[in-house]
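Hi everyone, thanks for coming.

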Amino acid sequence: MSQHTTKYKVLLVDDDPDIIELLQYNLTKEGYEVASAENGKKAIDVALTFSPDIILMDVMMPVMDGIAACRYLRELKRFKDTYILFLTARAEEFSEVAAFDAGADDFITKPIKPRALISRLAAYVRRDNQQNPEQAPEISIGGLRIDRTSFAVYKGDQKISLPKKEFELLAFLAATPNKVFSREELLNSVWGNDVFVIARTVDVHIRKVREKIGEENIKTIKGVGYKFNTD
């Protein structure tokens, strides 16, 4: 167990008490601080007092489902950088894109294997604690000022708020303008090759970044990938 793990709080959200009990036991044993909720509405209440670093949330729940709860939490500034991972047994019926569009960082299908889940959480913890001292603290390009130290983006006098992964994706592309990156390269560089997300995740995040900063900065190269455009 990493020494960083003890700093991490995990909120489990599922209407199945057996799943809560299984995951709570295994995560507590690994040194995580764990809280739980049985539906999306309760999850919001618990999150406001518990301040989790990671939320593992079922999709289909009574009172309020996981999608609605995730959207609500993402609208609150304090949960902008919280990792939210969806748990669902409906892999065939439920669209992964809908999960990521709601603001999820990952999508995990049931039945959940505790050791595999713990490895995945550890990957997020490791990535969260990685720092690259060689990165320039600020990038000014294409009418944008990207401040890595404060995770802020400025377009002229306007400050644009981006969730963590959207910010990291924009900063990565802007650091090497006009170079085309495939979806796989972006997944490995921004999400890490030990975090298991799908290629369509990149498309969803690119779309959301464009909605906030404008269409002109990130160009799609059909059949290849994306680049930060300065032409």
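Let's start with D58, where UniProt, in an unreviewed entry, places the feature "modified residue: 4-aspartylphosphate"; such annotations may be inferred rather than shown by experiment. Before going on: this is a predicted model, where local features need pLDDT of at least 70, side-chain atom pairs count only at pLDDT 80 or more, and totals for chains, interfaces and linings use all residues. Residues are numbered from 1 along each chain, and side-chain values use heavy atoms, without hydrogens and water.

D58 sits in strand β3, residues 54-58 (strands are DSSP E runs of at least two residues, helices H or I runs of at least four, numbered from the N terminus). Is D58 buried or exposed? With a relative accessible area of 5%, D58 is buried (under 20%, using a 1.4 Å probe and protein chains only).

Now the sheet: 5 strands, open, parallel, in the order β2-β1-β3-β4-β5, where pairing takes at least two DSSP bridges. β2 (33-37) and β5 (106-109) are the edges, each with a single partner, so one side of each has no neighbour in the sheet. Between β1 (residues 9-13) and β2 there are 5 bridges, and L12 faces S36 of β2.

Finally, which helices each supply at least two residues to the lining of the second largest pocket? They are α3 (66-74), α4 (96-101), α6 (164-175) and α8 (200-213). That lining divides into 6 nonpolar, 4 polar and 13 charged residues, with Asp, Glu, Lys and Arg counted as charged, Gly among the polar ones, and Ala, Val, Leu, Ile, Met, Phe, Trp, Tyr, Cys and Pro as nonpolar.

Note on methods: Buried < 20%, exposed > 50% of the residue type's maximum accessible area, 1.4 Å probe, protein only.
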